[in-house]
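Open the model in your viewer and follow the stops below. Each one tells you what to select and what is there.

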Amino acid sequence: MTISSLSSWEHGAQALALLKAALDRGYLDFLASPRTPAEVSEFAGHPAGDLLAAFEGHGIVVRDGEAYRLDQEVAAGLAADAPIGLAARIVRADLLARQVAEVVRTGTAPLTGDESLIVAQSVALQPGDPARAVVDKLHGAVPEVRDAIANGRMLDVGSGVGGYVLTALSLLPGMRATTLELVPEVAAVARQRAHDLGVADRADIRVMDARRFHAWDEFDAAFWAQPFFPEETRTEVLAMILRSLRPGGVLVLQQLDAEPAGGPERAAFTLARLVARSARLPFARPLADLVGEAEAAGFTLIRTLEIDLGRLALLRRPGVAG
Ligand SMILES: C[S@@+](CC[C@H](N)C(=O)[O-])C[C@H]1O[C@@H](n2cnc3c(N)ncnc32)[C@H](O)[C@@H]1O
């Protein structure tokens with residue numbers, strides 16, 4: 001570690017604090033429209049010249065004549081239908097920083113229900129046309145899944161706020177889904193989103209431990225949000241998915257994070273891994289190992305693929321539908 005790395009971490013921590021406070025205090029909403037320094041000062045309740053300079057210095061706002069407004073990319077990220085919301089990412093970054101400190105102090109950083117919601121929202125597609133385009137593209141890359149669910153049933157295991165599954169339901173009018181989510185605060189948001197999207201009648205949203213779900217040969221496809229399942233749950237969850245799928249039914253797995261070779265990304269990776277592993281999560285487990293886990297549970301590999309949306313494995317429950 002050098003003094004210059006300390007300076008860059010110091011700056012990073014301060015910049016994140018600036019951004020998070022700007023979000024909390026409503027500046028990011030307020031500056032969506034161009035505002036003069038006088039208007040910003042009135043909003044702040046104190047002279048805001050230095051604050052605007054800090055926002056401008058960090059690319060949060062740009063000058064627009066005499067006024068300031070949100071940078072275009074920031075505004076796009078904050079839009080209600082941005083595929084992954086920037087506000088959720090900012091809140092998650094702040095949470096992760098606090099978790100790092102807690103793990104260093106105590107060895108673990110268990111999440112409250114509201115914190116689980118922060119995590120779920122930070123990785124979920126937000127409802128809207130851009131998200132539909134993302135899921136359409138995903139289905140184009142895995143037509144086996146689209147064909148299985150277009151007029152069939154999907155089991156979404158660890159559904160979070162339903163970023164994928166609710167978007168898929170809104171695209172495929174003949175699809176039905178059952179979703180399993182452990183945390184009530186998270187499932188409540190999925191339920192509200194299903195209602196808002198008009199797909200609630202085709203989404204059976206369950207709040208439960210996926211290991212306790214009992215179904216036999218019923219589902220045509222399953223999606224398992226495996227990065228969020230601790231080691232001690234995985235064998236039972238895979239066994240549950242195997243028996244819930246019909247013979248020939250398809251399972252999709254995704255590798256979410258990958259180990260960088262070096263550089264600053266490597267340092268950041270060690271912190272995210274520290275937090276994830278303190279919760280016994282299989283952080284950045286390589287796709288080949290995920291396939292091995294599923295094969296040990298009785299699945300057969302169809303294929304793996306790497307697309308711009310990530311690394312995916314497609315497996316099936318052996319046998320043919322009777
Ligand atoms: C963050 S979500 C994944 C994102 C989601 N697939 C989407 O498209 O938005 C993963 C969820 O799995 C849930 N989870 C973890 N263990 C679980 C279990 N044993 N049973 C049910 N849900 C579980 C977590 O609470 C978390 O909300």
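Select Asp209: one of its polar side-chain atoms lies 3.0 Å from a nitrogen atom of the ligand. This is a polar contact, meaning a pair of N or O atoms within 3.5 Å; within protein, one must be able to donate a hydrogen and the other to accept it, and residues adjacent in sequence count only if both atoms are side-chain atoms.

A word on the model before moving on. It is a predicted one, where local features need pLDDT of at least 70 and side-chain atom pairs count only at pLDDT 80 or more, while totals for chains, interfaces and linings use all residues. Residues are numbered from 1 along each chain as its sequence is written, and side-chain values use heavy atoms, with hydrogens and water left out.

Next, select Ala210. A polar backbone atom of Ala210 is 2.8 Å from a nitrogen atom of the ligand. Then pick Tyr164, where a polar backbone atom is 2.9 Å from an oxygen atom of the ligand. How much of the ligand does the protein bury? Taken alone, the ligand exposes 600 Å², and 92% of that is buried by the protein (areas by the Shrake-Rupley method, 1.4 Å probe).

Now show the whole shell. It holds 20 residues, and Gly163, Tyr164, Glu181, Asp209 and Ala210 come nearest (a residue is near if one of its heavy atoms lies within 4 Å). Colour the shell by class: 13 residues are nonpolar, five polar and two charged. Helix 7, helix 10 and strand 4 (176-181) each supply at least two shell residues. Helices (H or I, at least four residues) and strands (E, at least two) are DSSP runs, numbered from the N terminus.

Select helix 7, residues 113-123. Eight of its 11 residues are buried, which means under 20% relative accessible area; exposed is over 50%, and partly exposed is in between (1.4 Å probe, protein chains only). Among the buried ones are Gly113, Glu115, Leu117 and Ile118.

On to the largest nonpolar core. Such a core is a set of buried Ala, Val, Leu, Ile, Met, Phe, Trp, Tyr and Cys residues joined through side-chain atoms within 4.5 Å. Of its 30 residues, Val145, Ile149, Met154, Tyr164 and Met175 touch the most other members. Elements giving two or more residues to this core include helix 8 (129-141), helix 9 (143-149) and strand 7 (245-255). Helix 10 gives the most, with five residues.

Zoom in on Met154. Its contacts (heavy atoms within 4.5 Å) include Val145, Tyr164, Met175 and Phe223, not counting residues up to four places away in sequence. Apart from this core lies another, of 26 residues, among them Met208, Ala294, Phe299 and Leu315.

Select Ser244, in helix 12 (residues 231-244). Is Ser244 buried or exposed? Ser244 is buried, with a relative accessible area of 0%. Its contacts beyond four places in sequence include Leu155, Trp216, Asp217 and Phe219.

Step across to Asp217, in the loop between strand 5 and strand 6. Its phi is near 60°, a positive value in a residue other than glycine. Most residues other than glycine have a negative phi. Asp217 is partly exposed, at 42% relative accessible area.

Last stop: Arg280, in the loop between helix 13 (263-278) and helix 14 (287-296). Phi of Arg280 is also positive, near 60°. Arg280 is partly exposed, with a relative accessible area of 45%.

How values were computed. Ala, Val, Leu, Ile, Met, Phe, Trp, Tyr, Cys and Pro count as nonpolar, Asp, Glu, Lys and Arg as charged, and the others, Gly among them, as polar.
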